[in-house]
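Hi,

Here is the structure I promised to pass on.

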Amino acid sequence: MFTVIFIIFLFMTFIISRLGAYTLHDHEGYKIKNEKSKTLTGIVRRKSGLDIHHIHFGIIILLLVIPFVLIKGVHLISTILLSVGISLFIDQIVPYIFKKTDYFSFRDFLVSLFLHIFVALIVLLRIF
């Protein structure tokens, strides 16, 4: 049951974060001082002055949930939070590491989709 829930939330997070990024970002003013993105990360960037992206939210979620899972085991909420954290992380890892890539390009969309499918297959096959 947890496997199905994990995969559902993994892809739901991918779809929601991508749709949100494509529709709510200020594509012309992205990452400049007067950016007008309506995403949570855009608001945090404006308020804090920090270069925050959803990869950072994914890392924070994972840092909070992984110790809980190690201590208490896997539960419904931890499964959902793990899948959300992993999705946010892998959705932006390639453009974060390779700065010359464009998160909004079709190629980077396909890379992220491939990473999500890869993680889903690992979970389904219980490789780790």
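Predicted model: local features only at pLDDT ≥ 70, side-chain atom pairs only at ≥ 80, totals over all residues.

Residues are numbered from 1 along each chain as its sequence is written, and side-chain values use heavy atoms, with hydrogens and water left out.

The chain has five helices and zero strands (DSSP runs numbered from the N terminus: H or I of at least four residues for helices, E of at least two for strands). Of its 128 residues, 41% are buried (under 20% relative accessible area; exposed is over 50%, partly exposed in between; 1.4 Å probe, protein chains only).

Helix H4 covers residues 76–97. Its 22 residues should span 32 Å at 1.5 Å a residue, and the end C-alpha atoms, 31 Å apart, agree with that (the expected span is 1.5 Å times one less than the number of residues). H4 also bends by about 30 degrees at Asp91, with Pro95 following within four residues (the angle between axes fitted to the seven residues ending there and the seven starting there).

On the surface, Met1, Phe2, Val74, Leu76, Ile77 and Leu81 form a nonpolar patch with about 580 Å² of accessible area together (Shrake-Rupley method, 1.4 Å probe, only the protein chains shown counting as cover). Patch residues have over 30% relative accessible area and no salt bridge (a Lys or Arg side-chain nitrogen within 4 Å of an Asp or Glu carboxyl oxygen), and nonpolar side chains (Val, Leu, Ile, Met, Phe, Trp, Tyr) are joined within 5 Å, like charges within 9 Å. H4 gives the most to this patch, with three residues. Leu81 lies in H4 and counts as partly exposed because its relative accessibility is 35%.

Best wishes
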